[in-house]
Amino acid sequence: MKDNNLFDKQLEAELKRKTQLDMDVKQAIWKSIEDELFHSITEHDKNRRGVWVAGISLAAVMLILLFGVMTETGQAMIQNLKDLFIEEKQEQIEMEGQQEELDTHLETNEELRYVIYLDDDRYKMDKGGEADRIELKEELPDSYPDVYMEIRREENTTTEEVVADIKETLNNEEMEIVEETRTKNPIEAELIRGRGSKYPEWDTPIYQYYVTDSMNGQVFVIKQAYFLEAAEGHGARFHYMLESFEIVK
Amino acid sequence: MVDKETRLIKKIKKGNHQAFKKLYDRFADYSLRTAFAITKNQSDASDIVQETFIRVYRNIDSYDMSRSFKAWFYQILINETRRYMKKKTKQARSIESDQLLDFLHQQTEEAYHFDDLYLAMDKLEENHRTVIILKYLNGFTEKDIAEVLELNVNTVKSRLFKARKQLKGMMGGASDER
C-alpha cells in the first residue's frame with residue numbers, strides 16, 4: 001500500500017514536471033484563437049471594403065457613389081460590433097411555469113456601444129429617436145396601456161442624478177414607487193419600479209427602470225413599460241431579453 | 001469557484017470575449033499539458049488546444065449548465081486529441097526496440113525509473129494512457145473520468161488498475177497491484 005502511494009505521488013509529480021510548457025506557447029495559442037474567432041470576419045470585411053473603395057475611385061461617378069461609400073462605412077462600423085457576437089441564439093426560458101424555446105436575434109447600437117438579443121417573433125427594434133425602443137410587432141388596441149422596452153444613454157451625469165430624475169418623473173405621472181433597490185438580475189443596476197395609482201386593475205401600468213453604474217459620466221437607462229395583466233407575459237420576456245444586454249467598451 | 005465559473009459561462013453564452021479569455025486562462029495550462037502528455041509533441045498539443053477552445057466557443061450554447069463544465073470541456077479536448085492523433089497515425093512514432101531494451105535493463109530493485117515515463121506511457125494502450133493522464137495530471141476522480149469518457153465507473157477503475165500495473169512493471173517496481 002505504502003509502495004502504491006509512493007508510486008502515485010511520483011507519477012503525479014513526474015507527469016506535471018514533464019508537461020511544463022513555455023508560457024509563450026499559451027499566448028501564441030490565444031492569439032490564433034482570437035484571430036480565428038473574432039478577427040477573421042473583420043479582416044475579410046476590411047479587404048472587401050478596400051477593393052470596393054478602389055473601384056469607386058476608378059469609376060469616379062461622384063454623387064451616388066459618394067453616398068454609397070458613406071453607407072458602406074456606416075454599415076462596416078455596425079458590422080464591427082455585430083462581428084463580436086453570435087447573430088442568432090436560442091434561449092430556453094420559463095413562461096408561467098412552462099419551458100419555452102425562444103429564438104433571439106442580435107441587435108447592436110454602434111454609437112451607444114451596446115448589444116441585446118431580441119425576441120424578433122414578437123418584438124421589433126425602433127432606433128433613431130431619443131432612445132432605442134423595443135416594441136410589439138403587432139400593436140395592441142388603443143385601450144391597452146403602452147408596452148415597450150426603451151434603452152437610452154445619459155451623458156455627463158451620475159447614477160444618483162438619473163435615479164432622482166426618474167423618481168421625479170414617476171411622481172409627476174402620479175405613479176407610485178413600489179420598489180427601489182440594487183439588483184443583479186437581469187443586469188446589475190439600480191431598479192426603480194413604479195405602478196399606476198389605479199391598482200389592482202388588469203390595465204394598471206407598470207414602469208420598471210434599470211439604471212446602470214456610471215462609467216465615464218455615462219449611464220444607461222432601460223425602461224420597461226407594460227401593464228399588470230401582461231407582467232407574466234411581456235414583463236417576463238423583457239426580463240429575459242434584458243439578460244442579454246451588454247455594454248461593449 | 002463553481003459559481004464564478006457559472007457566471008463566466010453565462011457571459012460567454014452572451015458572447016462576451018473577455019469572459020472567454022478568462023476561461024482560456026483558467027483552462028489553457030492543464031489542457032495544454034494534457035494534450036502534450038498524450039501527443040508528446042508541443043506543436044500538436046498547441047493545435048489540439050486551439051481547436052478545442054474554438055469548438056468550445058462555437059458550441060457553448062449546447063453546453064448544459066446542469067453538467068460539470070470541466071467534464072464537458074475535457075470531453076471535447078480528449079475527442080479532439082483522438083481525432084488529431086488518428087489523422088496523424090501514419091506519422092506516429094514507433095518505439096525503437098533497442099531503446100525499450102535499454103530502459104528495461106536499467107531497472108533496479110527499489111526505485112522507479114520515471115526518466116523513462118514517456119517511453120513507458122507509450123507502451124500503454126491509448127485508453128489506458130488517457131485515464132492515467134486524467135487522474136494523475138488533472139486530478140480527476142474516477143467519477144469525473146467516467147463522465148469525460150462517457151464510461152461506466154467500473155470500466156474506469158479497471159483501466160486505471162491495468163494501466164498502473166503495466167506502468168509499474170515497466171518502470172522497475174513489482175507490479176503488486178491488488
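Predicted model: local features only at pLDDT ≥ 70, side-chain atom pairs only at ≥ 80, totals over all residues.

Mentor: In chain B, residues 24 or more positions apart account for 59% of the contacts with a separation of 6 or more. In chain A, 47% of the contacts between residues at least 6 apart in sequence join residues at least 24 apart. Of the 249 residues of chain A, 21% count as buried, and for the 178 residues of chain B the share is 34%. Chain A holds five helices and eleven strands, whereas chain B has nine helices and zero strands.

Now the sheet. Seven strands of chain A form an open sheet in the order β4-β5-β6-β10-β9-β8-β7, paired antiparallel. Its edges are β4 and β7 (175–183) of chain A; each has a single partner strand, so one side of each is left without a neighbour in the sheet. From one strand to the next the twist averages 15°. Within this sheet, β6 (residues 148–154) and β10 (residues 219–227) of chain A run antiparallel and are joined by seven bridges. At one point of this pairing, Glu154(A) stands opposite Val219(A) in β10(A).

Two helices pack on the sheet. α4(A) touches β6, β7, β8 (189–196), β9 (205–211) and β10 of chain A, and its direction makes about 5° with that of β8(A). Helix α5 (residues 231–243) of chain A touches β6, β9 and β10 of chain A, and its direction makes about 160° with that of β10(A). As for its dimensions, α4 (residues 159–172) of chain A has 14 residues and reaches 20 Å from its first C-alpha to its last, close to the 20 Å expected at 1.5 Å a residue. Glu174(A), which follows α4(A), has a positive phi near 55°.

One loop of the sheet deserves a look as well. Glu130(A) sits in the loop between β4 (123–126) and β5 (132–136) of chain A. Glu130(A) counts as exposed because it has 7 C-beta neighbours inside 10 Å, and the cut-off for exposed is 12 or fewer. The C-alpha atoms of Glu130(A) and Arg153(A) are separated by 9.1 Å, although these residues are 23 apart along the chain.

That leaves the partner chain. 29 residues of chain B are in contact with 27 residues of chain A. On the chain B side, α2 (17–39), α3 (42–58), α6 (117–123) and α7 (126–137) each supply at least two residues. The largest share, eight residues, comes from α2(B). By class, the side of chain B that touches chain A has 16 nonpolar, seven polar and six charged residues.

The axes of α2(B) and α7(B) are 10 Å apart, at an angle of about 145°, and α2(B) passes α7(B) in a right-handed crossing. From α2(B) the contact takes Arg33(B), Thr34(B), Ala37(B) and Ile38(B), and from α7(B) it takes Arg129(B), Thr130(B), Ile133(B) and Leu137(B). By class, this contact of α2(B) with α7(B) has four nonpolar, two polar and two charged residues.

Definitions and conventions: Residues numbered from 1 in each chain as written. Chains lettered and ligands numbered in written order. Helix = DSSP H or I, 4+ residues; strand = E, 2+ residues; numbered from the N terminus. Buried ≥ 20, exposed ≤ 12 C-beta atoms within 10 Å, placed from the backbone. Contact = placed C-beta atoms within 7 Å. Nonpolar A, V, L, I, M, F, W, Y, C, P; charged D, E, K, R; others polar. Expected span 1.5 Å × (residues − 1). Axes fitted to C-alpha atoms, helices over the stretch in contact; angles between N-to-C directions. Left-handed = near helix turned anticlockwise from the far one by under 90°. Pairing = 2+ DSSP bridges.
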